[in-house]
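Try each task before reading the solution below it.

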Amino acid sequence: MAGDPEVTLSICLRCRDGREQRDSDLAQRGGRRLANAIAAQFDASEAARLGVRLRGVNCMSQCKRPCVVALSGAGRFTYLFGDLDPASHRPEVLAVAAAYAQAEGGFLPRSARPRVLQAGILGRIPPFGFAGDLVEPLATTFSTQTEETCDP
Ligand code: FES
């Protein structure tokens, strides 16, 4: 949906990618370099045209899978991705942000994500109130699902 002001691309600023000269220099962290690379191209991107907002986050608690980004929005699925290379994955992050902004409810099937964001998915959380096969109300549900249906 074009111009949706609720869609946010969050980028962890503290992730280390092993290229840091000094661990104490936060400006050299892989996450900061990924954020800088994305920010430098953001205004000209399809994601920006679609109203995606950009923000940095000082750790998203997935530090063992750097670099990390997330997509979120009111009434939308939330996605968390890791294993991103700040030197090369800027185009994929911007592409998935644009796809997310246009996806109904923010739902992105595996095939709709660039390959690195298929392999690097860390989380997919349905929005509150979501009604569909992915969610089961547990308070009154005691049956056991016998068939796996998973498309992470
Ligand atoms: S430092 Fe990036 S997720 Fe913790």
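Two residues are in contact if their C-beta atoms, placed from the backbone, lie within 7 Å. Keep in mind that this model is predicted.

**Exercise 1. Find out what covers the buried residues of helix α1.**

Step 1. Locate the helix: α1 runs over residues 30–42 and has 13 residues. From its first C-alpha to its last it reaches 18 Å, close to the 18 Å expected at 1.5 Å a residue.

Step 2. Pick out the buried positions. A residue is buried if 20 or more other C-beta atoms lie within 10 Å of its own. In α1, that applies to G30, G31, R32, R33, L34, A35 and I38.

Step 3. Look at L34 and I38, two of the buried residues in α1. An α-helix has 3.6 residues a turn, so residues three or four places apart point the same way.

Step 4. Now look for the cover. Among the elements over the buried residues of α1 are β1 (8–12), β2 (53–57) and α3 (90–102).

**Exercise 2. Work out the order of the strands in the sheet.**

Step 1. Begin with the inventory: the chain has four helices and five strands. Along the sequence they follow the pattern β-α-α-β-β-β-α-α-β.

Step 2. Join β3 (residues 69–72) to β4 (residues 78–81): the two run antiparallel and share three bridges. Within this pair, A70 has L80 as its bridge partner, and V69 stands opposite F81.

Step 3. Check the hairpin of β3 and β4, where five residues lie between the strands. There, G75 takes a positive phi near 70°.

Step 4. One point to check is T78, whose bridge partner in β5 is I125.

Step 5. At the edges are β2 and β5, each pairing on one side only. From one strand to the next, the twist averages 15°.

Step 6. Place the helix from Exercise 1: α1 packs on the sheet and touches β1 and β2, its direction making about 145° with that of β1.

**Exercise 3. What share of the chain is buried, and what share of its contacts with a separation of 6 or more joins residues 24 or more positions apart?**

Step 1. For burial, take the 152 residues of the chain: buried residues make up 31% of them.

Step 2. For contacts, take those with a separation of 6 or more: residues 24 or more positions apart account for 67%.

Definitions and conventions:
Residues are numbered from 1 along each chain as its sequence is written. This is a predicted model: local features need pLDDT of at least 70, side-chain atom pairs count only at pLDDT 80 or more; totals for chains, interfaces and linings use all residues. The expected span of a helix is 1.5 Å times one less than its number of residues. A residue is buried if 20 or more other C-beta atoms lie within 10 Å of its own, exposed if 12 or fewer, and partly exposed in between; C-beta atoms are placed from the backbone. Two strands pair if DSSP finds at least two bridges between them. Axes are lines fitted to C-alpha atoms, for helices over the stretch in contact, and angles run from 0 to 180 degrees between N-to-C directions.
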